[in-house]
Amino acid sequence: MVPIQRPTPFSILLRVARQFTATIQGRIGFLLIGMNVVIFVVGPYLAPYDPIETGVGPSAEAPSPSHLLGTDTLGRDILSRFLHGGATILFVPLAAVTLAFLIGGALGMASGYIGGLFGNLVARLLDVTLPIPPLLVALVVIARFGGQLWVMVAIVAAVYAPRIARILRAAVQNLTTMEYVLAAEARGESQTAIIFGEIIPNILAPLLVEYGMRLNFAVSFISSLNFLGLGVQPPSSNWALMVSESTTLIPTNPAGALAPMLGLTSLVVGINFLMDSLTQYLSDETSRV
Amino acid sequence: MPEPSKPYFYPERADVDSPGYRRSFLRFIAQRAALGIATLWVVSLVTFITTNLAGIDLAEAALGVRVTPEQLTIFRKQQGADQTPVKRYWVWLKNVSTGDWGLSLVGRGQRVSDLVKPRIGRTFVLALFALTLALPLALFFGILGARNANGLADTILSAIILVVSTLPEFVVALAVLYLLGVWVGILPPNSNAVSYGTAKEQVEAYVLPALSLALVLVPYSSRMIRASAREVLASPYIRSALLRGVSESRLLARHVIPNILGPIANVVALSLAEILVGDVVIENVFGFPGLGQLAVSAVNTQDLAVVQATVIISASSFILLNVAADAAVVLLNPRLRRLGV
């Protein structure tokens, strides 16, 4: 008799990853994200100049052999800035959303699984905090604490955690009445074993979609704050900051001015395509069952 | 980029026909209103704690470094900063809710309410302008998409909508600025003429920001309209009307539109709410002298009284419009007419 293999989180992830690229849309998304990640990782080593050194070329020059994307108004090499400035676009939101998932996930799962007075209290707390627009929270907090990296991460984590908690709470509440969870309880498995062995594997896929969507919102959100000058400060070469600095360059050097904007756009479109493809696969699979 | 909407209250058919329905929807609206008030209270608490209590000494910030301890004490007494936190919160809440937002720290001695008032009007007009541009487009795309769901037009539209809805607002606004403001050059790329220009210049200055806001809104609202139109089109009364041989135009006018009026009103209110918050970015791209621009410049100069005012105003209107959106869906349900509501 072949022993029944219980799906491990890894095997599920592998299956989901294969499905990501099942559609054309998913493949385009994968490609766009891949391109960006290559720029983030390899870019800094390829950059011909120091990204924040001023006067490496004449001010606001159009593309030339020594400056392939031209220079900005302070005479900095735009290509070098572009190659250096991508990583924070993705990695700061990544850290923030991961933190939001840890907080919101723990809160939501605990309140869904334990229920009772604690569960209700958490639910009311979520009801009251969910409708608050994230941007307004950001304005208040940045006005007081400034726009350092940790403030950004904290804001995004605090604003998204209730949204994630709400979803996980509902998912766990649905699952706790399932027969296989009741069976595990009857077998006398510990709560930790039930949460990690029965509940988490079954909500992993929708969780991943939610993660991707949140990541996308966070990339846009943090970029907007940086664009408004509320986040990272000059001379950083963050793409969103580069976009706001390069607005005067557009008539003379469109390629240099558009590069950071295209990088940012391809990244968010890529994430969105990938997640849309996954959502489609998941809803197809559900309708098959 | 507005986030996908929350699912709104859809009364079940059996629910509508039951005698208790009227009571249940009044209770629903009351619940939403209570929730809105609770949320606003949380916003006020967060705002107050962050900006008033968390260690910034307003007295030192306002009076500068060359100040005697006596002056500081007098100032604190005037501002009520020597009271207990709870008492200060009460006084603050009373002032804020009556429109007394205190003095701006940066514009020396200027009243925040004088600073804010003209901008509320401009931002509101901008929002209405954007809505009038966005709504017909969203209706057209939404109903077109629902009519031939998963057909060619729907697939292409959905793909475009997916891409546009992903873009950060400032990317959309900059694209509009470059294409129409710089490249074609028929409209001013900078909207500061709103506060001093001639009548014609003032109107022109509204166009590009309103267009950008509309572009941000259309994907979101057309998707919502498509979803509710699809739901209506799939319902039994539409099929029976089709089987009775009702003409296409009559079907749309008599059966489809009345049934999606609630969701449309919902979209309108939610969109307006999204605009009032989302225009912070777009106003700054175009230099539009509205509430959002004031908010960002106040954050940059740590003008906390102004930040408080703009945040509380935006949050109240956002929450009010959300409650209105919830109420609209329930109140505009055509099945209610039977109940004489």
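User: What pattern does chain A follow along the sequence?

Analyst: Chain A reads α-α-α-α-α-α-α-α-α-α-α. That's eleven helices and zero strands. Helices here are DSSP runs of H or I with at least four residues, strands are runs of E with at least two, and both are numbered from the N terminus.

User: Where do these coordinates and numbers come from?

Analyst: This is a predicted model: local features need pLDDT of at least 70, side-chain atom pairs count only at pLDDT 80 or more, and totals for chains, interfaces and linings use all residues. Residues are numbered from 1 along each chain as its sequence is written, while chains are lettered from A and ligands numbered from 1 in the order in which they are written.

User: OK. What does the C-alpha trace of chain A span?

Analyst: About 75 × 50 × 30 Å along its principal axes.

User: And how much of chain A is buried?

Analyst: 44% of its 289 residues. Buried means 20 or more other C-beta atoms lie within 10 Å of the residue's own, exposed means 12 or fewer, and partly exposed is in between; the C-beta atoms are placed from the backbone.

User: Which share of the contacts in chain A joins residues 24 or more positions apart?

Analyst: 73%, counting contacts with a separation of 6 or more. Two residues are in contact if their C-beta atoms, placed from the backbone, lie within 7 Å.

User: Switching to chain B: how many helices and strands?

Analyst: Chain B has 13 helices and zero strands. Of its 341 residues, 39% count as buried. Among its contacts between residues at least 6 apart in sequence, 73% join residues at least 24 apart.

User: Now the backbone. Where's the cis peptide bond?

Analyst: It joins A:Pro234 and A:Pro235, with omega about 5°. A:Pro235 sits in the loop between helix H9 (191-227) and helix H10 (239-245) of chain A.

User: Which residue in chain A has a positive phi although it is not a glycine?

Analyst: A:Ala60, with phi about 45°. You'll find A:Ala60 in the loop between helix H2 (24-46) and helix H3 (78-84) of chain A.

User: Why does A:Ala60 count as partly exposed?

Analyst: Because A:Ala60 has 18 other C-beta atoms within 10 Å.

User: What about B:Gln302, what's its phi?

Analyst: B:Gln302 has a positive phi of about 55°, and it is not a glycine. B:Gln302 lies in the loop between helix H12 (291-300) and helix H13 (304-331) of chain B.

User: Buried or partly exposed?

Analyst: B:Gln302 has 17 C-beta neighbours inside 10 Å, so it counts as partly exposed.
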